[in-house]
Amino acid sequence: CRVCQIQSENEISFEEHRNSEFHIVASNEERKRSECRTCRKQFTSPEQLKEHMKGSNHKEKLASLREYQQSVKKFC
């Protein structure tokens, strides 16, 4: 299991692990750590998210969002 760093001896034990509360909680946490809420994209790992955040598409979206937030504040 990539998420939990556990190796199973067979498919049955792997499925048991995948259905365990430990794996479900770990998977949910990793999913949260690998989501870009700004761009509304999900990545397969936190490392991919870090690379995404360095990219121009993410930075442009972030700048656009900041401009929008500032314009909204002017009207409030």
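# Cysteines, salt bridges and helices in a predicted model

Reader: How many disulfides does the count come to?

Author: The count comes to 0 disulfides, a disulfide being a pair of cysteine sulfur atoms within 2.5 Å. This is a predicted model in which local features need pLDDT of at least 70 and side-chain atom pairs count only at pLDDT 80 or more, while totals for chains, interfaces and linings use all residues. Residues are numbered from 1 along each chain as its sequence is written, and side-chain values use heavy atoms, with hydrogens and water left out.

Reader: Why is the sulfur of C4 too far from the closest cysteine sulfur for a bond?

Author: The closest cysteine sulfur to that of C4 is in C1, at 3.9 Å, and this is too far for a bond because the limit is 2.5 Å. The sulfur of C39 is likewise too far for a bond, since its closest cysteine sulfur, in C36, is 3.8 Å away.

Reader: What makes C4 and C39 count as buried?

Author: Buried means under 20% relative accessible area, exposed means over 50%, and partly exposed lies in between (1.4 Å probe, protein chains only). C4 has 13% relative accessibility and therefore counts as buried, and C39, with a relative accessible area of 17%, is buried as well.

Reader: Why is H17 called buried, and what does H17 touch?

Author: H17 has 10% relative accessibility, which is under 20%, so H17 counts as buried. H17 has its place in helix 1, residues 11-18, where helices (H or I, at least four residues) and strands (E, at least two) are DSSP runs numbered from the N terminus. Not counting residues up to four places away in sequence, H17 touches C1, C4, I6, F22 and H23, contact meaning heavy atoms within 4.5 Å.

Reader: How do you know that the side chains of H17 and H23 are joined by a polar contact?

Author: The contact between the two side chains is 3.3 Å, and a polar contact is a pair of N or O atoms within 3.5 Å (within protein, one must be able to donate a hydrogen and the other to accept it, and residues adjacent in sequence count only if both atoms are side-chain atoms).

Reader: What makes the meeting of E30 and R2 a salt bridge?

Author: The N to O distance between these side chains is 3.2 Å, and a salt bridge is a side-chain nitrogen of Lys or Arg within 4 Å of a carboxyl oxygen of Asp or Glu. The pair links distant parts of the chain, with E30 in helix 2 (residues 21-33) and R2 in the segment before helix 1, 28 residues apart. E30 counts as buried because its relative accessibility is 12%.

Reader: How many salt bridges does a search of the whole structure find, and which residue forms one with K32?

Author: The search finds 3 salt bridges, and K32 forms one with E29, their closest N and O atoms being 3.5 Å apart. Both residues lie in helix 2, 3 residues apart, about one turn of the helix. K32, at 53%, is exposed, whereas E29, at 36%, is partly exposed. K54 forms a salt bridge with E51, with the closest N and O atoms 3.3 Å apart, and both of these residues are exposed.

Reader: Why is helix 3 called roughly perpendicular to helix 4?

Author: Helix 3 (residues 46-54) and helix 4 (residues 56-75) pack at an angle of about 65°, with their axes 5 Å apart. That makes helix 3 roughly perpendicular to helix 4, because angles of 65 to 115 degrees count as roughly perpendicular, those under 35 as roughly parallel, those over 145 as roughly antiparallel and the rest as oblique. The axes are lines fitted to C-alpha atoms, for helices over the stretch in contact, and the angles run from 0 to 180 degrees between N-to-C directions.
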